[in-house]
Amino acid sequence: MKNYISLMKLRVVELLLVTTVPALFLASNGVPDLSVTIWSLLGGTLAAGGANAFNMVIEAESDLLMKRTARRPIATGEISRRSGLIFATAVSLLSLILFYSFTTKLATLLTFLAITFYVFGYTIALKKHTSQNIVWGGIAGCMPVLIGQAAVTNALTLTSWFFFFLIFFWTPPHFWALAVRYRDDYAAAGIPMLPVVAPIKNVITQMWFHSLAMVVFSILVIWSAELPIWLAGVTLILIAGWKMQLIKLTRQPTEVNAGKLFQASIVFLSIYSFLLVIGVLLK
């Protein structure tokens, strides 16, 4: 059972849930219905976990070539590809059943699109064929904020789309920082992550572009949701801390600084999501 659960990459799923919670609060303009919250978080966990399991089935050979992933259960043969495929399918279907039964049709459709895009769009079509794989493939990771909105209202709002684009621009610097740290792994597996195929100066330039766009959308979410203005000030302070780490990477593009930037991006998104919840409650 432990091996099957590991297929879901629950540590990665945690970050998706972190953004789903404020999306539920924003959609409800207050505390969301407990039932909708529980089923959305459970369904979202299963959906992301199912997509991750499909990813491990498809990338078993690549995983063997990377030190970071070589001990994954399908790569080592502890779980067969057939069993992994059955598990991924069952978990994904269960997530759709939960969303359809306890939330809304739109949330169910968006969840289906997120799973499908992650598996066929990112894992199969993009990951091994373009250095911009994580830019467009990251769309799947942006979907939880739309799904959270749809689970409550069965519709999408301007605020939910601003939140979507915040995650869209946050994702590339986050993953490129990881790719800088594990550049040799990705190169060994033939995965053209940007830090593998482009000079580090080019990578950092694109990090700056995406992070600046992220700043704009982080403020637009607060403005659109009519949250307290002080949230914008705290957000800018958070971003300044994140930017300081990006400046360090710019000056010294080492694996250590890349790892610190990766962690800083997680801290930013987690605290920002918490601040959105507080902002909704204090409106």
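How are α14 and α15 oriented to each other, roughly parallel or roughly antiparallel? In this predicted model, helix α14 (residues 230–251) and helix α15 (residues 255–281) pack at an angle of about 175°. Angles over 145 degrees count as roughly antiparallel, so α14 and α15 are roughly antiparallel to each other.

**Packing of α14 with α15**

- The axes of α14 and α15 lie 9 Å apart.
- On the α14 side the contact includes Trp230, Leu231, Val234, Leu238 and Trp242.
- On the α15 side the residues include Ala258, Leu261, Phe268, Tyr272 and Leu275.
- By class, the residues of this contact of α14 with α15 are 16 nonpolar, 5 polar and 2 charged.

**Packing of α13 with α14**

- Helix α13 (residues 200–224) and α14 have axes that come within 10 Å and cross at roughly 175°.
- That angle makes α13 roughly antiparallel to α14.
- From α13 the contact takes in, among others, Ile204, Met207, Trp208, Leu212 and Ile222.
- From α14 the contact takes in, among others, Leu231, Ala232, Leu236, Trp242 and Lys243.
- The contact of α13 with α14 divides into 16 nonpolar, 4 polar and 1 charged residues.
- Leu231 and Trp242 of α14 meet α15, and Leu231 and Trp242 are also part of the contact with α13.

**Packing of α2 with α10**

- Helix α2 (residues 10–28) packs with helix α10 (residues 158–181) at an angle of about 160°, and their axes are 11 Å apart.
- α2 and α10 are therefore roughly antiparallel to each other.
- The crossing of α2 past α10 is right-handed.
- Leu15, Thr19, Pro22, Ala23 and Leu26 of α2 meet Thr159, Phe163, Ile167, Trp170 and His174 of α10.
- This contact of α2 with α10 has 7 nonpolar and 3 polar residues, with no charged residues.

**The cavity**

- The count comes to 1 cavity of 30 Å³ or more.
- The largest cavity has a volume of about 40 Å³.
- Its lining consists of Ala23, Leu26, Val145, Gln149, Thr159, Ser160 and Phe163.
- The elements giving two or more residues to this lining are α2, α9 (139–153) and α10.
- α10 gives the most to the lining of the largest cavity, with 3 residues.
- By class, the lining of the largest cavity has 4 nonpolar and 3 polar residues and no charged ones.
- Ala23, Leu26, Thr159 and Phe163 line the largest cavity and also belong to the contact of α2 with α10.

**The second largest pocket**

- The second largest pocket has a volume of about 150 Å³.
- Its lining is made up of Leu26, Ala27, Asn29, Gln149, Thr157, Thr159, Ser224, Ala225, Leu227, Val280 and Lys283.
- The lining of the second largest pocket divides into 5 nonpolar, 5 polar and 1 charged residues.
- Leu26, Gln149 and Thr159 line this pocket, and Leu26, Gln149 and Thr159 also line the largest cavity.

**Backbone details**

- Asn29 has a positive phi of about 55° although it is not a glycine.
- Asn29 sits in the loop between α2 and α3 (34–58), and Asn29 also lines the second largest pocket.
- Asn154, again not a glycine, has a positive phi of about 60°.
- The loop between α9 and α10 holds Asn154.

Technical notes:
Residues are numbered from 1 along each chain as its sequence is written. This is a predicted model: local features need pLDDT of at least 70, side-chain atom pairs count only at pLDDT 80 or more; totals for chains, interfaces and linings use all residues. Side-chain values use heavy atoms; hydrogens and water are left out. Axes are lines fitted to C-alpha atoms, for helices over the stretch in contact, and angles run from 0 to 180 degrees between N-to-C directions. Helices (H or I, at least four residues) and strands (E, at least two) are DSSP runs, numbered from the N terminus. Angles under 35 degrees count as roughly parallel, over 145 as roughly antiparallel, 65 to 115 as roughly perpendicular and the rest as oblique. Contact means heavy atoms within 4.5 Å. Ala, Val, Leu, Ile, Met, Phe, Trp, Tyr, Cys and Pro count as nonpolar, Asp, Glu, Lys and Arg as charged, and the others, Gly among them, as polar. A crossing is left-handed if the near helix is turned anticlockwise from the far one by less than a right angle, and right-handed if clockwise. On a 1 Å grid over the protein atoms alone, a cavity is a set of points where a 1.4 Å probe fits but cannot get out, and a pocket is an open set with protein on both sides within 12 Å along at least five of seven lines; lining residues have an atom within 4 Å of a point. Grid points are joined across faces, edges and corners, and a volume is the space filled by probe spheres set on the points.
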